[in-house]
Amino acid sequence: MRNTARWATTLGLTAATVCGPLTGAALATPDHTPASLHAPSALVLTVGHGESATLATPVRAVTLVCAPRPAGTHPAAGPACAELRGAGGDFEALAADEGVLCTREYEPVVVTVDGVWEGRRVSYERTFANECVKNAHGAGVFAF
């Protein structure tokens, strides 16, 4: 049941994030051309405590819209979008901040990302050893 609630929340936030900005875009200019020809980039990011998304209940979820401009409920949408663009939208390629020292305690934190990046479907899950390690990876993207 937890997994069903997680997916319902994720899909609802994704639909609102992706479709919301599109509702007014088609009528944005007098000559009826779209206001933006950018492929949509809208994501729902969640964080929860546990070893995997199927076992963890999300404790926080944010939306991140990167095209046509940074927006959403992510607290640092601009830097997060810039970091993702620098990594080509590849969450595995997000660099870890080597200057951060974290304890070796094991309190797993799982991050999920679902949505659309530059017009293609994205689904990502990663488990970090603890909150500090999560914050050291993809500092702008996963800092919420």
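Two strands count as paired if DSSP finds at least two bridges between them, and strands themselves are DSSP runs (E, at least two residues), numbered from the N terminus. With that in hand, L45 stands opposite V113 in strand 3. Welcome to a predicted model, in which local features need pLDDT of at least 70, side-chain atom pairs count only at pLDDT 80 or more, and totals for chains, interfaces and linings use all residues. Residues are numbered from 1 along each chain as its sequence is written, and side-chain values use heavy atoms, with hydrogens and water left out.

- Four strands make an open sheet in the order 2-1-3-4, with antiparallel pairing.
- Strand 2 and strand 4 are the edge strands, each pairing on one side only.
- From one strand to the next, the twist averages 15°, with axes taken as lines fitted to C-alpha atoms (for helices over the stretch in contact) and angles running from 0 to 180 degrees between N-to-C directions.

**Strand 3 and its partners**
- Strand 1 and strand 3 pair in the antiparallel sense over eight bridges, and here V44 has D114 as its bridge partner in strand 3.
- On the pairing of strand 3 with strand 4, also antiparallel, there are nine bridges, and V109 stands opposite F128 in strand 4.
- The hairpin of strand 3 and strand 4 has two residues between the strands, and E118 takes a positive phi near 50° there.
- Strand 3 is mostly covered, with nine of its nine residues buried (under 20% relative accessible area, where exposed is over 50% and partly exposed lies in between, for a 1.4 Å probe and protein chains only).
- V109, V111, V113, G115 and W117 point one way from strand 3, while V110, T112, D114 and V116 point the other way.

**The nonpolar core**
- A nonpolar core is a set of buried Ala, Val, Leu, Ile, Met, Phe, Trp, Tyr and Cys residues joined through side-chain atoms within 4.5 Å.
- The largest one has 23 residues, of which L43, L45, L64, F91 and F142 touch the most other members.
- Two or more residues come from each of strand 1 (41-49), strand 2 (58-67), helix 2 (77-86), strand 3 (109-117) and strand 4 (120-128); helices are DSSP runs of H or I with at least four residues.
- Leaving aside residues up to four places away in sequence, L43 touches residues including L64, L84, F91, V113 and V122, where contact means heavy atoms within 4.5 Å.
- Helix 2 lies across strand 1, strand 2 and strand 3, running at about 70° to strand 2.
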